Amino acid sequence: MTVLTIELDPQMEAALADLMVDGDSPETAIRHAVLAAWRLRRDERIRAQAEAIAADPDDRAEIRAIQRELDELRAW
């Protein structure tokens, strides 16, 4: 396990205090904040990929072809 030591400026101290308002320890608050930031970044990447696919004419044509095939299967 990695141990991390950081210096907090007043703004970071206030932010950490706010994250600890429910009784979390500093370590728990920081772990939660890092995981939340990681999830947000991951979701932003996924959203950007989805937007790129939605904007790609070849991908859109493939999606329409798959939808037509699925519609034909539903008819049975």
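Of the 76 residues of the protein, 3% count as buried, a class defined by under 20% relative accessible area, with exposed meaning over 50% and partly exposed the range in between (1.4 Å probe, protein chains only). The model is predicted, so local features need pLDDT of at least 70 and side-chain atom pairs count only at pLDDT 80 or more, while totals for chains, interfaces and linings use all residues. Residues are numbered from 1 along each chain as its sequence is written, and side-chain values use heavy atoms, with hydrogens and water left out.

The protein has 3 helices and 0 strands, in the order α-α-α along the sequence. Helices (H or I, at least four residues) and strands (E, at least two) are DSSP runs, numbered from the N terminus. The radius of gyration is 22 Å, well over the 11 Å that the globule rule gives for 76 residues, so the protein is more spread out than a compact globule. That radius is taken over C-alpha atoms, and the rule is 2.2 Å times the number of residues to the power 0.38. Along the principal axes, the C-alpha atoms fill a box of roughly 60 × 25 × 25 Å.

The structure holds 2 salt bridges, each a side-chain nitrogen of Lys or Arg within 4 Å of a carboxyl oxygen of Asp or Glu.

| Salt bridge | N to O distance |
|---|---|
| Arginine 42 with aspartate 43 | 3.4 Å |
| Arginine 74 with aspartate 71 | 2.4 Å |

Aspartate 43 is partly exposed at 32% relative accessibility, and arginine 42 is partly exposed with a relative accessible area of 32%. Arginine 74 and aspartate 71 both belong to helix H3 (residues 57-74), 3 residues apart, about one turn of the helix. Arginine 74 is exposed at 62%, whereas aspartate 71 is partly exposed at 44%.

The largest pocket has a volume of about 410 Å³. A pocket is an open set of points on a 1 Å grid where a 1.4 Å probe fits, with protein on both sides within 12 Å along at least five of seven lines; lining residues have an atom within 4 Å of a point. Among the lining residues are Met1, Ile6, Pro26, Glu27, Arg31 and Leu35. The lining divides into 8 nonpolar, 2 polar and 2 charged residues.

Note on methods. Points joined across faces, edges and corners; volume = space filled by probe spheres on them. Nonpolar A, V, L, I, M, F, W, Y, C, P; charged D, E, K, R; others polar.
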